Amino acid sequence: MKHSEISRAFEDAFGRLHGPALQRDLALTQFGSRTAHEAVEAGEDPQKVWLAVCDAMDLSEDWWYPHRRESATRRA
């Protein structure tokens, strides 16, 4: 996952309104309670950050690698 893909993953998984808010507000314990946005900006691997989000939000394995999914199947 690239830096540019994590924002798209949030929008695809949580919607255009909730996705960006969640990216800015959800504290991830795996990254010292930083948000996903803060963790990626601090140089953390976006894929590892996304997997922490999936764990925190109890997303199914189908969402673990959203950059590999076809755009037609992105909406849950």
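Q: How do the axes of H1 and H2 lie, and at what angle do they cross?
A: Axes are lines fitted to C-alpha atoms, for helices over the stretch in contact, and angles run from 0 to 180 degrees between N-to-C directions. Helices (H or I, at least four residues) and strands (E, at least two) are DSSP runs, numbered from the N terminus. Here the axes of H1 and H2 come within 7 Å and cross at roughly 120 degrees. That angle makes H1 oblique to H2; under 35 degrees counts as roughly parallel, over 145 as roughly antiparallel, 65 to 115 as roughly perpendicular and the rest as oblique.

Q: What kind of model is this, and how are residues numbered?
A: This is a predicted model, in which local features need pLDDT of at least 70, side-chain atom pairs count only at pLDDT 80 or more, and totals for chains, interfaces and linings use all residues. Residues are numbered from 1 along each chain as its sequence is written, and side-chain values use heavy atoms, with hydrogens and water left out.

Q: Which residues of H1 and H2 meet?
A: Contact means heavy atoms within 4.5 Å. From H1 come Ile6, Ser7, Phe10, Glu11 and Phe14, and from H2 come His18, Gly19, Pro20, Leu22 and Gln23. The residues of this contact divide into five nonpolar, four polar and one charged (Ala, Val, Leu, Ile, Met, Phe, Trp, Tyr, Cys and Pro count as nonpolar, Asp, Glu, Lys and Arg as charged, and the others, Gly among them, as polar).

Q: Is Ile6 buried or exposed?
A: Buried means under 20% relative accessible area, exposed over 50%, partly exposed in between (1.4 Å probe, protein chains only). Ile6 has 2% relative accessibility, so Ile6 counts as buried. Leaving aside neighbours within four places in sequence, Ile6 is in contact with Met1, Gln23, Val40, Pro46, Val49 and Trp50.

Q: Why does Gln23 count as buried?
A: Gln23, in helix H2, counts as buried because its relative accessibility is 11%. Beyond four places in sequence, its contacts are Ile6, Ser7, Phe10, Thr35, Ala36 and His37.

Q: Which residues of H4 are buried?
A: In H4 (residues 46-56), they are Pro46, Gln47, Val49, Trp50, Ala52, Val53 and Cys54. Their cover includes helix H1 (3-14), strand S1 (27-28) and helix H3 (36-41).

Q: What does Pro46 touch?
A: Not counting residues up to four places away in sequence, Pro46 touches Met1, Lys2, His3, Ile6 and Val40. The C-alpha atoms of Pro46 and Met1 are separated by 6.1 Å, with the two residues 45 apart along the chain.
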